[in-house]
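The following report describes selected contacts in the structure shown below.

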Amino acid sequence: MSVASAIRTRDAAELPGKRDEAWRWTDLRGLIRQVPAPSEALDPASLPPGPFDALADEVVIVTNGQGAAHIGVEPGESKTVALRVVSRGDGAHAARISVDIEVSGRLTLLESYEGEGAYLGQTGLMLSLAKDAVVERIVLAADDAEGVTVSQAEVGLAAGSSFAQTVLTAGARRQRIETLVRHPGGHAELRLDGVYLLADKRHADLTTSVTHSAVDGTTQQLTKGVVRDQARAVFQGKIIVAEGADHTDARMGHHALILSDRAEVDAKPELEIYADDVACAHGNTVGALDEDALFYARQRGIPEPEARALLTEAFIGEVIDRVEHEGARDIVRAWAAERLRV
Amino acid sequence: MLSVSNLHAAVEDKEILKGLSLEVPAGEVHAIMGPNGAGKSTLSYVLTGRQGYEVTEGSATLDGEDLLALEPNERAARGVFLSFQYPLEIPGVPALTFIRTALNAQKKARGEPEVTAPEFLKLARTKAAELKIDFDMLKRALNVGFSGGEKKRMEIFQMAMLSPRFLILDETDSGLDIDALRIVADGVNALRSPERGMLVITHYQRLLDYIKPDRVHVLSGGRIVATGGPDLALELEREGYDKYARAA
């Protein structure tokens, strides 16, 4: 049972729903009575440029589930690839993309979801990092308010490799961005960050699961979000430290601002630790904007909407500052600022 | 300049100010002294429009304009500046960004041209040097991790940058050692001018050795119960507030 197979078989009963523990806050089964017909093919040449095209050595486009299915980085090679996942129309489509980074290869993967319509889309990514490979993955999810999308990435690390990820999303009618990481320790480093900025009735679900299976691994995770109107955010972060995975250092933080009475944030941070000698911590806060700070800014002459935007931008700025690629950092910062100044 | 008349104000339905009247003409520095709980901070928040401070009666005008009808940021744009007793920390916003945003917002509200980045930085460097503030500190998030004294100095720096017309200093001396106090007082005194008015709120007389007031008012029980010259501050220092607390 999976979203991809539901789309393939057009059987809505295969969609995950609230009876599935991992999907209880992102119920697709209850939302979609009938899986839409397959999406029509879409000519990539008809598209406007993507958000990261100017930064990339290579642009890979997947339109309505069709297009290049593989990105490879040779041993020692270093490159920046823009991966555009484009959805148009009201159909259903699924795509599968594999990304292989060979020994000591370096990849900056600038991934964008660009949607228009009431589509149902699923994207499955398999990322495989060889020894000492270094990857920064930045995901900018700009789906349609009527779209339903699921992005599922499986990441396999090797000893000495480094994987840093920042997901930024404005949500969709229902949206889930999932990252599962196999962490072998061996001084491999993992950063899994996220930002959600949700308005209207949008929904976003950031789900991560990291399994540390051996000694000497680190995981740093920071997710921050802002919800307003009747939006709903879901954060599920799980870190498993298996028996014997000693000296694991794992930190998880999730902090949300709720800017309206009818907005909702559901958070489930989970640490499962079976090893003895580890440093693990998690923090989770959900609150409103600091009214005292707001008054302070207004006393200095900053009008209320601008003061709110300044403080919320600063709040999520902590996550954006961690993006290493400078050009991409500027783009996502501007993207976020635009969404906060409404 | 500032004219407060029969001001009554409540916090959570509890009346704190009970008919306070006060005139501060342009060019003068007035001190408000009083025991804890007299309503000193309430007065500063009512004048600046903090939420939760409800005016039930009376008026407060600046050069004839009704302050109480204005939003906090509109009052700031008219030139009202409050140096907070406990300045807030603003994580993620560098001090310079915050102050430039404030300055340009005020200028925009007044229909003046905004300052350019080079003009702003030049001004910031000059004022920082005068107040002995390390310029690098201004690149850090405003007040985050600053000591009490540094925060107070940052208030005066903001004041110097924004160049307000009416200054309210709420317990600006608390948390300052004698050297910092002198620097802060120099910063405040540099702003004294025939067009500006100041209200210096303090519990202790010490600050008034450095910022010499024209008039001293005693606030007790939500009202001004005595007014005098600078000597009144010395008398209070010597004899305490007991007699005024009884009068209230």
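## Core residues

Leu198(A) touches Ala170(A), Gly171(A), Ala204(A), Val227(A), Ala231(A) and Ala233(A), leaving aside residues up to four places away in sequence; contact requires C-beta atoms, placed from the backbone, to lie within 7 Å. This is a predicted model, in which local features need pLDDT of at least 70 and side-chain atom pairs count only at pLDDT 80 or more, while totals for chains, interfaces and linings use all residues. Residues are numbered from 1 along each chain as its sequence is written, and chains are lettered from A and ligands numbered from 1 in the order in which they are written.

The largest nonpolar core holds 171 residues, of which Leu198(A), Ala233(A), Val332(A) and Val200(B) touch the most other members. Such a core is a set of buried Ala, Val, Leu, Ile, Met, Phe, Trp, Tyr and Cys residues joined through C-beta atoms within 7 Å, buried meaning that 20 or more other C-beta atoms lie within 10 Å of a residue's own.

## Chain contact

Chain B contributes 21 residues to the contact and chain A contributes 18 residues. On the side of chain B that touches chain A, the elements giving two or more residues are helix H2 (72–77), helix H3 (95–109) and helix H5 (148–162) of chain B; helices are DSSP runs of H or I with at least four residues, numbered from the N terminus. H3(B) gives the most to that side, with five residues.

Definitions and conventions. Two residues are in contact if their C-beta atoms, placed from the backbone, lie within 7 Å. A residue is buried if 20 or more other C-beta atoms lie within 10 Å of its own, exposed if 12 or fewer, and partly exposed in between; C-beta atoms are placed from the backbone.
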